Amino acid sequence: MIDLVEPRMSDVGGVTVARLLPRAVRRTIGAWCFVDHAGPVDVDVASMQVGPHPHIGLHTVSWMLAGELVHRDSLGSEQVLRPGQLNLMTAGHGIAHAEQVPSRARGEQHLLQLWVAQPESTRHGPPEFAHHADLPVVDVDGTTATVLVGALAGARSPARADTPLLGADLVVGTPTEVPVEPTFEHGILAVDRDLAVADGVVPAGTLGYLPPGADRIAVRPAGSDPVRALLLGGEPFPERIRMHWNFVARDDDELRRAVDEWNGGDDRFGPVGGGLARIPSPPVAPGRR
Ligand code: MN
């Protein structure tokens, strides 16, 4: 049977999100270390407004299923994100950004926001922002796959990946054997409906985990309608990471330094436009485990 990871509900910028990573039962899948599923929610009910906040040691991967989001960062980037497009921000040594649903937006907003831990070789490097509006789409036996990161069935994403990684948006219409790297572990999030995976079922809103070893993942809709799903994969991340708030590092001293530098207005994190209030970092709890 497939191992299931249940979400924990959290609030991000005024919107309830289902957090699927990190969880006690599973911290990472490859270098994927954070998965938030926000919405779908009508903009009249809740509208995500996340003020300037910092990141270190990770990439943020933002993928919209419906609606629009404006990204602004301390490199001066200002980018509208729409369905079918990917924002990939590299924090490295430090960056700050803000994200908000613009006031002109109408109707349903639905977002997947993910983080990828950077390896030691790049995590102290410069920050970077990229917007990918033209991602490869491949048909696999009646399942449509948009390749966000890495490669699937011969289609390769132009997005940066510092470690062996896969991220793909799937619309599963028929029973499909998705070809995968046997050295990767995988997670599959059933976004809108229940998805049959291997010999189990991943209920809508839940993440199923598959250990390394297989070169195919069998998926099919559990009901009669096509299922939207997010497939994540990667080689098990060999470095032990420590996370606090929006920071990924290797120990608490590094995390405390990042907290102090953000809260103290250090040059490490630049200013962000857009007019939203800056979000202060909570302290790292002393002696936490
Ligand atoms: Mn962020």
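This is a predicted model: local features need pLDDT of at least 70, side-chain atom pairs count only at pLDDT 80 or more; totals for chains, interfaces and linings use all residues.
**Metal site.** I looked up the protein donors of the manganese ion and found His 53, His 55 and His 97, each through NE2, at 2.1 to 2.2 Å from the ion. I noted their spacing in sequence as H-x1-H-x41-H.

**Aromatic pairs.** I counted four aromatic pairs in the model. One of them joins Phe 34 and Trp 115; I classed this pair as stacked because the ring centres are 3.9 Å apart and the planes stand at 15°, where the cut-off for stacking is under 30 degrees. I placed Phe 34 in strand 4 (residues 32-42) and Trp 115 in strand 11 (residues 108-117), so that the pair links distant parts of the chain, 81 residues apart. I recorded both Phe 34 and Trp 115 as buried.

Phe 247 belongs to strand 26 (residues 247-249), while Phe 269 lies in the segment after helix 1 (252-263), so the pair ties together parts 22 residues apart in sequence. Phe 247 is buried at a relative accessible area of 0%, and Phe 269 is buried at 5%. I assigned Trp 245, Phe 247, Trp 262 and Phe 269 to one aromatic cluster.

**Charges over rings.** Trp 262 of that cluster also has Arg 278 over its face, at 3.6 Å from the ring centre. I found the charged end of Arg 26 over the ring of Tyr 209, 3.6 Å from the ring centre.

**Nonpolar cores.** I asked which residues of the largest nonpolar core touch the most other members. They are Trp 32, Leu 112, Leu 114 and Val 248, in a core of 35 residues. Strands that each supply at least two residues include strand 3 (15-21), strand 14 (143-149) and strand 24 (227-234). Strand 11 contributes the most, with five residues. I listed the contacts of Leu 114, leaving out residues up to four places away in sequence, and found among them Trp 32, Phe 34, His 59, Val 61 and Leu 232. Apart from this core I noted another, of 25 residues, including Val 140, Phe 184, Leu 195 and Val 202.

**Thr 206.** I located Thr 206 in the loop between strand 21 (200-202) and strand 22. Its relative accessibility is 4%, so I counted Thr 206 as buried. Beyond four places in sequence, Thr 206 touches Leu 4, Val 5, Glu 6, Leu 20, Ile 188, Leu 189 and Ala 190.

**Strand 6.** I found nine of the nine residues of strand 6 to be buried. I asked how many bridges pair strand 6 with strand 11. There are eight, in the antiparallel sense, and Ser 62 has Gln 113 of strand 11 as its bridge partner. Strand 6 also runs antiparallel to strand 9, joined by five bridges. There I recorded Thr 90 of strand 9 as the bridge partner of His 59, a residue that Leu 114 touches too.

How values were computed: Residues are numbered from 1 along each chain as its sequence is written. Side-chain values use heavy atoms; hydrogens and water are left out. Donors are N, O and S atoms within 2.8 Å of the metal (3.2 Å for Na, K and Ca); water is not among the atoms, so sites may look incomplete. Rings of Phe, Tyr and Trp (its six-membered ring) pair if their centres lie within 6.5 Å; planes under 30 degrees apart count as stacked, over 60 as edge-to-face and the rest as tilted. Helices (H or I, at least four residues) and strands (E, at least two) are DSSP runs, numbered from the N terminus. Buried means under 20% relative accessible area, exposed over 50%, partly exposed in between (1.4 Å probe, protein chains only). A charge sits over a ring if NZ of Lys or CZ of Arg is within 6 Å of the ring centre and within 35 degrees of the ring normal. A nonpolar core is a set of buried Ala, Val, Leu, Ile, Met, Phe, Trp, Tyr and Cys residues joined through side-chain atoms within 4.5 Å. Contact means heavy atoms within 4.5 Å. Two strands pair if DSSP finds at least two bridges between them.
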